[in-house]
Amino acid sequence: MAIMKIRGGDLDLVEYEFTSFFPGENIRTLGFEGTYNLTPSPDVVTVNAPARIHLTVLDMNRFSPSRPGGGGIGFAIQVYCSVSVECIPEGLEIEYSRESLIRHFVAVFTKTTGYIGGFRIRARDHEHKHVGLGSTSTVMIALAKALNVAVGSPLTETQLRRLIGNNYVEETADGRIVAGFETGVGPAASLHGGMAVMGDELSFIYHHLFAEGYNVFIVIPPTDISSAGDKEFDLLMNKARMLDYRDRELKTYLIMMDMIPALEQGNVQKVGDVIWEIDFRGSKRAEVEHHSFRIYHYMSQLREAGFEFVGMSSVGPAIAVITKRPEKDVEDVLHRVGLKIAIRTKVDNTGLNLTHLPK
């Protein structure tokens, strides 16, 4: 695998070697291993988890593929991934295109809990991959919750989130896996719904309902610029780090002193103003500019049209528009710049849900 250079400043240069491995290797149980009273369920446990819009990392200097964290904010949307789990006597049967991700976390979970039986797992994601909607993290939290409930819920939700973050991986071209970036925003938003604010080391700082009664429109501009793999690493670990050295205090101040009070007041317009400011600051600026200044052009057209909230998710290119105005108003603006609405949805303020069905 490639050796990638990370530069945060003139005197801050380190190298990170991407080392691929097979599912089930390099497991981190975080000291959660123990003797648990497991009671495998006779039912099929299905978990539906909402996807997330990841609005910003707070400080790119505080995370890497070997260290989850960095803080961040994001909210859940009514676009879902689902995972069904049933306990079987032995073996692992997986029905999902990204089998290596499932296989790896099952190894993490069984080593942590001591479960010695097998699982039959079926997963379905929202099929919008590598555009900023968090398909991987959403499937992972749905899987973790379903596995946990299927054997009697031995682990807490906090433990599940931390296991995901510290064992977060992406696939490689040769069928192996490699450690990935994880702030913890996705699993927290999917678990609890609404807006989630994360601190470093996957700490869950704050949660609140968000944009009740508003519509959410997701726009996915065309781009030939990758938001995954080596390209994502170069972006997040170089330009984004340098910009966060400058703006991390301002971003944190805006969230603590302006965005959280606006959430408490139900003021979506004010939240949108804060996010618009952050879109031009620190690592978020690097993420937007990664797709060229066309993304800023698209977003500025939507802001100038007066929609309450406009922001790009994660490393993009998906743009979220939140408004109470008619859908046609959004369509008219997008038509002028050659774009269309890709997803019509709302904020999920409930979080994941689960069902038990007899086999």
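## Crossing of H3 and H4

A crossing between two helices is called left-handed if the near helix is turned anticlockwise from the far one by less than a right angle, and right-handed if the turn is clockwise. In this predicted model, helix H3 passes helix H4 in a right-handed crossing. H3 covers residues 157–166 and H4 covers residues 185–192; their axes come within 9 Å and cross at roughly 150°. Angles over 145 degrees count as roughly antiparallel, and H3 is therefore roughly antiparallel to H4.

On the H3 side, the contact is made by Glu 157, Arg 161 and Ile 164; on the H4 side, by Pro 187, Ala 188, Leu 191 and His 192. Sorted by class, the residues of this contact are four nonpolar, one polar and two charged.

## Packing of H7 and H8

Helix H7 (residues 282–289) packs with helix H8 (residues 294–304) at an angle of about 105°, and the two axes are 7 Å apart. Angles of 65 to 115 degrees count as roughly perpendicular, so H7 and H8 are described as roughly perpendicular to each other.

H7 contributes Arg 285, Val 288 and Glu 289 to the contact, while H8 contributes Ile 295, Tyr 296 and Met 299. The contact of H7 with H8 has four nonpolar residues and two charged ones, with no polar residue.

Searching the whole structure for cavities of 30 Å³ or more gives one. The largest cavity holds about 40 Å³ of space. Its lining consists of Leu 101, His 104, Phe 105, Met 140, Ile 164, Asn 167, Tyr 168 and Val 169.

Helix H1 (residues 99–113) supplies the largest share of the lining of the largest cavity, three residues. By class, six of the lining residues are nonpolar and two are polar, and none is charged.

## The second largest pocket

The second largest pocket has a volume of about 180 Å³. Its lining is made up of 18 residues, and those nearest the centre of the pocket are Arg 28, Pro 65, Asn 166, Tyr 168 and Ala 179.

The lining of the second largest pocket divides into seven nonpolar, eight polar and three charged residues. The lining of the largest cavity, by contrast, has no charged residues.

Notes. Residues are numbered from 1 along each chain as its sequence is written. This is a predicted model: local features need pLDDT of at least 70, side-chain atom pairs count only at pLDDT 80 or more; totals for chains, interfaces and linings use all residues. Side-chain values use heavy atoms; hydrogens and water are left out. On a 1 Å grid over the protein atoms alone, a cavity is a set of points where a 1.4 Å probe fits but cannot get out, and a pocket is an open set with protein on both sides within 12 Å along at least five of seven lines; lining residues have an atom within 4 Å of a point. Grid points are joined across faces, edges and corners, and a volume is the space filled by probe spheres set on the points. Helices (H or I, at least four residues) and strands (E, at least two) are DSSP runs, numbered from the N terminus. Ala, Val, Leu, Ile, Met, Phe, Trp, Tyr, Cys and Pro count as nonpolar, Asp, Glu, Lys and Arg as charged, and the others, Gly among them, as polar. Axes are lines fitted to C-alpha atoms, for helices over the stretch in contact, and angles run from 0 to 180 degrees between N-to-C directions. Angles under 35 degrees count as roughly parallel, over 145 as roughly antiparallel, 65 to 115 as roughly perpendicular and the rest as oblique. Contact means heavy atoms within 4.5 Å.
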